[in-house]
Structure formats: C-alpha cells, structure tokens
Amino acid sequence: MRPGEVCHLRPCDVNRSKPIWVSSPHTHKTAHKEKSRRIAIGPQAQAILEKYMTRSLSSYCFTTSACLFPDGSGPGRLTSKRPMYADRYLRFIWHACDLAKVDLWKPNQLRHSWATRMREQFGIEAASDGLGHSSVDITEIYAERSLKRAMEVAEKCG
C-alpha cells in the first residue's frame, strides 16, 4: 500500500471473507481518474492488521491516538476522529527510529523493497500488479533490477 492508503484504511474497506483479504480503499491516488484499486493482503499483514479490524466499520484503523508508543509518547496532537495523514505517519516512524536508535527510513522504502523482492521472485508483471500500476514501465522505477539475476546470466553466458 501507499502510505496514504495505509493511513486511510478502514475495516469496511477490507473484504475478509477469503484467506487472502482484499482492500478496496475509498480514497487513493488514482480515484479522481475513476480507477478502482484493490490490494491483496496476505497472512503476515493480516496478523498485524487483525487488532485494528475490530474497530467500528467506518472508523479509521490508524489515528494518532491509536498509534502512541507504549510509554504514551508520540509526535503530534492526539485525535481519534480523523485518519493519520502520511506526513504524521512519517513523523511517527522517525520518532520510533530515534527511540530504537536505528537509521531513519521512510514508508515508501517498504513499498519499493517489496516491489524489488516481488520482481526477483515472480517477475516484473507480478510486481506491477501488486503495486497497482497500469503499466510495467512505472514499476521499473520502483522495483530495482536484480544484480543476482544479472550475475547468473553473466556466469552462463561468459
């Protein structure tokens, strides 16, 4: 998911009737172009999201008040009525990185690394489908080419 899609996730947007859940976000990057967006949610992501799916159907899963750290800290003002916006999501991640004393990272890095892994394992088309791109050309920007595959080709071809 894009960071904005994560921030605006609601239980009513997720069909949980099958082993792989499908999210159909009510708002997303290409909604203004009358395009639909469906996101497959596998078992690992389901395990993380499960506790947020018990909220009222139309409430947002992630709000600033729902994402405080165990010690009660967290950046920003508390609110439970509005979704967490991507900039605040980023600030929460950076705050957590500071607390954990690890390098800072951004939410889109997760999307990019996922795309690279899917491209390596299943090909560019699978990565494109998973990212929700209408063209494989766009996926080329996100999913890095595999050095491992290039090395295998070099080994076989000289």
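"Buried" here means under 20% relative accessible area, with exposed over 50% and partly exposed in between, using a 1.4 Å probe and protein chains only. Hi everyone, and thanks for coming. What you see is a predicted model, where local features need pLDDT of at least 70, side-chain atom pairs count only at pLDDT 80 or more, and totals for chains, interfaces and linings use all residues. Residues are numbered from 1 along each chain as its sequence is written, and side-chain values use heavy atoms, leaving out hydrogens and water.

Let's start with helix α5, residues 124-131; helices are DSSP runs of H or I, at least four residues, numbered from the N terminus. Its buried residues are Ile124, Ala127, Ser128 and Leu131. They sit on the same side of α5, because they cover an arc of only 100 degrees around the axis, taken from the directions from the helix axis to the C-beta atoms. In general, an α-helix has 3.6 residues a turn, so residues three or four places apart point the same way. Among the elements covering those buried residues are α4 (107-122) and α6 (136-142). Just after α5, Gly132 has a positive phi of about 80 degrees.

Next, Arg2, in the segment before α1. Is Arg2 buried or exposed? Arg2 is buried, at a relative accessible area of 14%. Beyond its neighbours within four places in sequence, Arg2 is in contact (heavy atoms within 4.5 Å) with Lys29, Arg37, Arg111, Leu131 and His133.

Finally, the largest nonpolar core has 16 residues, of which Leu9, Leu49, Met53 and Phe62 touch the most other members. Such a core is a set of buried Ala, Val, Leu, Ile, Met, Phe, Trp, Tyr and Cys residues joined through side-chain atoms within 4.5 Å. The largest share of this core, four residues, comes from α3.

Methods
Helices (H or I, at least four residues) and strands (E, at least two) are DSSP runs, numbered from the N terminus.
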